[in-house]
Amino acid sequence: MCNAIRSSNARLLTSFKSPPNVVIAGGTGGIGRAIAISIAQHCPSASITIIGRNEAAANEFLPKFSSKSRFLRADVSLLSEIRTVTKQIPAVDILIMTQGILTMAGFTPTAENIDNKLALHYYGRMLFVHELLPLLRSSENGGKVLFVLDGVNGNPSKINWDDMALENSYSLSGAANHAITFTDIIIQHLASQPENASVTFTHAFPGAVRTSLGDNLPFYARIPLKGLMKLGVGTSAETCAEYMVHGMLGTASGSRCIDNKGETVEKKKPVTEDMMQKVWDHTSKMFSKGGN
């Protein structure tokens, strides 16, 4: 990995008007953990809030961060818990969402009757943004939002516009396509709103990363994946984190999708105003499943 990327990240993170308040959902392991550590190393004065379920994992690295850093427990697959935990956040300059799961299981409902994968990869992430947007708008550093999912493969033609919640047409590929493409579309919608002019939105594709995310796969898929990782296939979480931060900090205005090197993805499928409104209306309706 180019040292210039690390140097650039350090320079930009320490050039803010004030030490940034960083919120990372799903930050107790994998890419989220690596991003937290990267930001803390580059900007020791940053206040970093980790949101997740594994407090023991967070406590392995949080004590090395600034004294204002902390862990907030929440099951981020549940919209009701996201609403509760965001009320405990007084300020945010950077919001990063890495929560996710790699599984071959079919529709797996949460207690709120939303598929667990879609709750983690899309609806919960968007609720975080919705609840924290007022704080992001008021950031003197300019608010930044980073989604780590797949900023490369979104395609509106793969959306079932007649069954956006996949209630009658669920499949693993459908769930993946909806989460990825909805994210592409909604960041453009949010960036188009005049009140969000000071906030940037980045959708990142991390690529193949050597983490424990595949531990939930069946043995016939898990064992070959672990074998490939041992052979060095994929990048380390630490290297990926630097590229993700690089891409986020490089989004100067509005929204953009980035690849696994943090660079702009060209030739994305076009999105219409009608698509943006449909996805926003659908997402807002789904928020009600977690109560108000």
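**Figure 1. Packing of helices H5 and H6 in the predicted model.** Helix H5, spanning residues 116-137, packs against helix H6, spanning residues 172-192, at an angle of about 15 degrees. Their axes lie 8 Å apart. H5 and H6 are therefore roughly parallel to each other, and their crossing is left-handed. The contact is formed on the H5 side by Lys117, Leu118, His121, Tyr122, Tyr123, Met126, Val129 and Leu133. These residues meet Leu172, Ala175, Ala179, Phe182, Thr183, Ile186 and Leu190 of H6. By class, the contact of H5 with H6 comprises 12 nonpolar, 2 polar and 1 charged residues.

**Figure 2. The second largest cavity and its lining.** The model contains 2 cavities of 30 Å³ or more, and the second largest cavity has a volume of about 30 Å³. Its lining consists of Met126, Val129, His130, Leu133, Leu190 and Trp280. Helix H5 gives the most to this lining, with 4 residues. Met126, Val129 and Leu133 of H5 also take part in the contact with H6, as does Leu190 on the H6 side. By class, the lining of the second largest cavity has 5 nonpolar residues, 1 polar residue and no charged residues.

**Figure 3. Crossing of helices H6 and H9.** The axes of H6 and helix H9, the latter covering residues 273-287, come within 9 Å and cross at roughly 100 degrees. That angle makes H6 roughly perpendicular to H9. From H6, the residues in contact are Phe182, Ile185, Ile186, Gln188, His189 and Leu190. Their partners in H9 are Met275, Met276, Gln277, Val279, Trp280 and His282. The contact of H6 with H9 divides by class into 8 nonpolar and 4 polar residues, with no charged residues. Leu190 and Trp280, which belong to this contact, also line the second largest cavity.

**Figure 4. Packing of helices H2 and H8.** Helix H2 (residues 30-42) and helix H8 (residues 237-249) pack at an angle of about 65 degrees, and their axes are 8 Å apart. That makes H2 roughly perpendicular to H8. H2 passes H8 in a right-handed crossing. Within H2, the contact involves Gly30, Ile31, Ala34, Ile35, Ser38, Ile39 and His42. These meet Ala237, Glu238, Cys240, Ala241, Glu242, Met244 and Val245 in H8. The residues of the contact of H2 with H8 divide into 9 nonpolar, 3 polar and 2 charged.

**Figure 5. The second largest pocket and its lining.** The second largest pocket has a volume of about 200 Å³. Trp161, Asp162, Asp163, Met164, Ala165 and Glu167 are among the residues that line this pocket. The lining also includes His282, Lys285, Met286, Ser288 and Lys289. By class, the lining of the second largest pocket divides into 4 nonpolar, 2 polar and 5 charged residues. His282, part of the pocket lining, is also one of the H9 residues that meet H6.

Notes. Residues are numbered from 1 along each chain as its sequence is written. This is a predicted model: local features need pLDDT of at least 70, side-chain atom pairs count only at pLDDT 80 or more; totals for chains, interfaces and linings use all residues. Side-chain values use heavy atoms; hydrogens and water are left out. Axes are lines fitted to C-alpha atoms, for helices over the stretch in contact, and angles run from 0 to 180 degrees between N-to-C directions. Helices (H or I, at least four residues) and strands (E, at least two) are DSSP runs, numbered from the N terminus. Angles under 35 degrees count as roughly parallel, over 145 as roughly antiparallel, 65 to 115 as roughly perpendicular and the rest as oblique. A crossing is left-handed if the near helix is turned anticlockwise from the far one by less than a right angle, and right-handed if clockwise. Contact means heavy atoms within 4.5 Å. Ala, Val, Leu, Ile, Met, Phe, Trp, Tyr, Cys and Pro count as nonpolar, Asp, Glu, Lys and Arg as charged, and the others, Gly among them, as polar. On a 1 Å grid over the protein atoms alone, a cavity is a set of points where a 1.4 Å probe fits but cannot get out, and a pocket is an open set with protein on both sides within 12 Å along at least five of seven lines; lining residues have an atom within 4 Å of a point. Grid points are joined across faces, edges and corners, and a volume is the space filled by probe spheres set on the points.
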